[in-house]
Amino acid sequence: MADDDSNRIVRLLCRPSHLHKGSDPGIHCWLIGSPFLPPLTIVSILRCINTTPSSSSPDLHKESNDLKTLIPKGFELIGALASGDDTSARAAIDATRELRKLMYGEGMGEDQLLIGGVESLDSGEVRFFVCETGNVSSGIERVSSVIQEENPEKFVWENGCLLRCELPIKLPIYYPLKNPTDVEKAYKQATEAVIAKLKDPQAVYMLETLSKTSSDQPPPSIVRGVQLDFHTDFSKTKHLVEGDAGYDASSLSCSYFSIYSKTAFSIENADTIQVSVLFNSLGPSSASAAPTAEYFPVMEEARLIVKDIKLDVLCYASRDLPLRHAVSCLIIPGLIDQLNILQKFMLPSLLAKHPQYNCQLKPYHFSPPGVLHPITVFYELSFGETEMKQVEFRRSLHSRLGLPYDRPLLRIANALDFSKLKNSGTVSHQKGSALLRDVHTGIPSSGVIGGAVSLVQGSYEYHHYLQDGFNDSGWGCAYRSLQTIISWFRLQNYSSIEVPSHREIQQALVEIGDKDPSFIGSRDWIGAIELSFVLDKLLGVTCKVINVRSGAELPEKCRELALHFETQSTPVMIGGGVLAYTLLGVDYNDASGDCAFLILDPHYTGTDDLKKIINGGWVGWKKAVDSKGKNFFLHDKFYNLLLPQRPNMV
């Protein structure tokens, strides 16, 4: 094992905590990088979840199938992380090399430096070693210089962009009835015919910006099949070339569609290029000819099945990458990979003599928290999202990505919505109404010195008096707080139900027997206990209730409330007294006992003007006793605090 090579640097874009994954010896994580970023840059860490029963070593074939689907083109496997001593680095690099062969084929990126990370079982320290891909017998060198990027999102997306290609296909499968086993051959032939069309010199690819927010948009660019190069080395691609007559279409780079005035860097804000495949757009012909048709007689009884499939590829590229290389080395290989994935899933049903079964396998793209690059997941739409097969599949994805198991982050409702780009310029993965969201963002600090701030996590809508043209002034504050809480569960995709109206809330309480039928349509108040009943009935959400005999006791509950926001992260309803509020967080100094409550007040009756709401104090930090000695929480009234618990689900 060679000494430290001081010229090499491992650059970490993921959080250091992601490196500590295994307690047992062996390989437990894969390291993901990109050919468009500096060598030895670790963008993300994905857990190894498929192992062989006999040795507990990675099942490389299963891992290859999973990772080829999950990781977008433009990102790639560059290493592995193992637990053990320094000798484990060789095993990590060897496993990476073999897995790369399965994923990318022989000879792909032979000059690629591979990383072997080793986590000490005793101290938890992680050490990195490198080796060249093509030289199996070469030694490995330790790299002691490790940099943790302070702004990893900017590092990835400042000079990077996304390319997306949607391609619906009708796949004709023709096979003889006397020999139904030929259906596999027929399917493969149909797939190969599509691949041949993608690579045909007469194919045409149109590229255009997906964002329509600016009037100064570049016109679409055309890349013809004859210009494609399927053997490009990304490290040797040329930058944008400008000739005497302007930009050469064959040399335009992705920067042609870039927006350079960005201040936010993320997947959702990335420049996105739409790629359209135009199979029927042939090049100019010097000779005119009449249309012709060929007839092939059927020699035996046969069956024709036409399968409707949809490909949806998302790729990452440097702005400097020429568009023709982006199409030939990212988009087309991505489409081919998805064709092969669909073939793998659809063939069993065809071979089982269920030819009419229409596999509803569809790709979705996600931007999970803590993962710097998008991921692609295929979901079988013939199964409901709550069916056990789908739940277990999502749990395995959460495990691989290091995501928590108590929140839905990879449901279809979480998928990136590129249609929003046309209007807002930003990819969205949230749903809901047009009400104001997250109104506490950007408010002044609480004034608590040395306090620790614990806040609601995730988005919510601000519901308040007189919204939707409904006059509930004087009695509907708890209803509005409940609507805000339900909007949080909806926006976090725990539920797809619409936020209920006052009447629907009353109806729910009548249906469970808590209220008489005359309650429906009344102006009767409800409190924390009624809210817990409604959350249980409509969402299946359980709640914890904190009771205090006086408003003077509420500061004593700050430590418990901070724990709630750190673990459950849901909005809290404060009832009792004479008014209801929504609590969004606390700022608490454990040493001095000083604290403040982040209050969202449902009693606001104005228009949804964010500046007016913040300046008017309708959302803001409130101390139990303000600077003038006034008590925010009344000392002669009791209070009930409703703490909704986050469901344990994916």
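Q: In which strand does Glu208 lie?
A: This is a predicted model, with residues numbered from 1 along each chain as its sequence is written. Local features need pLDDT of at least 70, side-chain atom pairs count at pLDDT 80 or more, totals for chains, interfaces and linings use all residues, and side-chain values use heavy atoms, without hydrogens or water. Strands are DSSP runs of E, at least two residues, and helices are runs of H or I, at least four, numbered from the N terminus. Residues 204-209 form the strand that holds Glu208, namely S11.

Q: How many Å apart in space are Glu208 and Ile222, C-alpha to C-alpha?
A: In sequence, Glu208 and Ile222 are 14 residues apart. In space, their C-alpha to C-alpha distance is 9.0 Å.

Q: Which residues does Glu208 touch, not counting those up to four places away in sequence?
A: Contact means heavy atoms within 4.5 Å. With residues up to four places away left out, Glu208 touches Pro220, Phe257, Thr272, Ile273, Gln274 and Ser276.

Q: Are H8 and H9 roughly parallel or roughly perpendicular to each other?
A: H8 spans residues 477-491 and H9 spans residues 502-511; they pack with axes 10 Å apart, at an angle of about 90°. Axes are lines fitted to C-alpha atoms over the stretch in contact, and angles run from 0 to 180 degrees between N-to-C directions. Under 35 degrees counts as roughly parallel, over 145 as roughly antiparallel, 65 to 115 as roughly perpendicular and the rest as oblique. H8 and H9 are therefore roughly perpendicular.

Q: Which residues of H9 make the contact with H8?
A: H8 contributes Tyr479, Arg480, Leu482 and Gln483. From H9 come His502, Ile505 and Gln506.
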